[in-house]
Amino acid sequence: MKRFESAHTSFTSLTTLASLAPLAPLGRLASSRRMRGALAGAAAALAIGFAATPAQAAAPLAIGYSDWPGFVAFQIAIDKGWFKEAGVDVNFQWFDYSASLDAFSAGKLDAVGATNGDALVTGASGAKNVMILLTDYSSGNDMIVAKPPVRTVEGLKGKKVGVEVGLVDHLLLDTALAKHALKESDLTLVNAKTNELPQVLASSNDVAAVGAWQPNAGEALKRVPGSRPIFTSADAPGLIYDAITVNPVTLQSRKADWAKVIKVWYRCVAYINDPKTQPDAVKIMSARVGLTPAQYLPLLKGTHLLDASAAKKAFTKGDGLDSVYGSSVNADNFNVRNAVYKQSQNVSAYIDSTLANAQ
């Protein structure tokens, strides 16, 4: 409908030419064969106007983003008008993370910021998507946070652990357990939304630990005196990649625009990494999530942002976690093993490095 909005505005200025009560949507009027003479004349005049003016601009790319630092970094470009400078119209929409995936699945977004594993979950549920930009990999910001007396992963045996089942920090928890000769059956999972987990850890006497990403992990540490991370994504670099994943139809029809989005992303990375501009970058990012710059700066250290060169390496096919392919196969195995979905996914169909490699 967005393509018709300006036309609809012009059309209403012609209502004095005919009795239009109520005014129907333009698309419906244009296809009607039962228009009165005056209305037909108005439509004809409008058609002439269309022929004499340029085609209507495409609707803004609707992109869902959330509080993960690798997605919050886009706020720099939003605030500074870099997308407009690049000649691409975007509409970034702010969500809680899981809600952003729901919005994408419902067809309300052209793209969404998601982990590579969650991109597979979204696609397996019917919302096909293709990862075209790798923003980062988690290098410490995803954490298993335990409160006293638990001090090790082994100490979780027989305990309750809060996690958003099926999402990325469930994968982190399973990885931690496997590295310490434990199984998920050795403990009890408590399912909760990630943004609720700090409160779960603080208020529940029998929940020993939670799995969460920043800034939720930091909030859990703040709320529970003596709590500490006992396993983080820094212990498994490449386990969790973050990406902008796109509806395949939108990708095919708007490739030039998506290439501009990717170019702007690398401008954001350069701005964050430059010591001269990093303070301003952190100020912008921290304001978006309601933290002070001093509180937010440590979060960047746990997020390994990918510039163009690093992204090309991560996009190279390989079996290890240093490749998004190997990492995604690992996530796919986790998803099937935990009945997140039944059928293993064709990982390669979810990854398109063409635009990123062209930068």
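These are my notebook entries on what I looked up in this predicted model.

**Ground rules.** I number residues from 1 along each chain as its sequence is written, and I use heavy atoms for side-chain values, with hydrogens and water left out. Because the model is predicted, local features need pLDDT of at least 70 and side-chain atom pairs count only at pLDDT 80 or more, while totals for chains, interfaces and linings use all residues.

**Overview.** I looked up the secondary structure and found 18 helices and eleven strands, where helices (H or I, at least four residues) and strands (E, at least two) are DSSP runs numbered from the N terminus. Of the 359 residues, 49% count as buried; buried means under 20% relative accessible area, exposed over 50%, and partly exposed in between, with a 1.4 Å probe and protein chains only.

**Cores.** I then turned to the nonpolar cores, each a set of buried Ala, Val, Leu, Ile, Met, Phe, Trp, Tyr and Cys residues joined through side-chain atoms within 4.5 Å. The largest one has 94 residues, and those with the most contacts inside it are Ile 76, Phe 83, Ile 132, Leu 156, Trp 258 and Trp 265. Helix 13 (residues 255-273) gives the largest share of this core, ten residues. Apart from it lies another core of twelve residues, among them Val 145, Leu 197, Val 200 and Val 210. In soluble globular proteins, nonpolar side chains tend to be buried together.

**Val 145.** I found Val 145 in strand 5 (residues 142-146), and at 0% relative accessibility Val 145 counts as buried. The C-alpha atoms of Val 145 and Val 210 are separated by 5.4 Å, although the two residues are 65 apart along the chain. Beyond four places in sequence, the contacts of Val 145 include Leu 201, Val 210, Leu 221 and Arg 228.

**A helix pair.** I checked helix 14 (residues 278-289) against helix 15 (residues 293-301), whose axes come within 9 Å and cross at roughly 105°; axes are lines fitted to C-alpha atoms, for helices over the stretch in contact, and angles run from 0 to 180 degrees between N-to-C directions. That makes helix 14 roughly perpendicular to helix 15, since angles of 65 to 115 degrees count as roughly perpendicular, under 35 as roughly parallel, over 145 as roughly antiparallel and the rest as oblique. Among the residues that meet are Val 282 and Met 285 in helix 14 and Tyr 296 and Leu 297 in helix 15.

**Backbone.** Most residues other than glycine have a negative phi, and most peptide bonds are trans. I noted a cis peptide bond joining Pro 148 and Pro 149, with omega about 10°, and placed Pro 149 in the loop between strand 5 and strand 6 (160-163). The bond from Gln 214 to Pro 215 is also cis, with omega near 10°, and Pro 215 sits in the loop between strand 8 (207-213) and helix 11 (216-223). Phi of Ala 181 is near 60°, a positive value; Ala 181 lies in the loop between helix 9 (168-179) and strand 7 (188-191) and is exposed, with a relative accessible area of 71%.

Key. Contact = heavy atoms within 4.5 Å.
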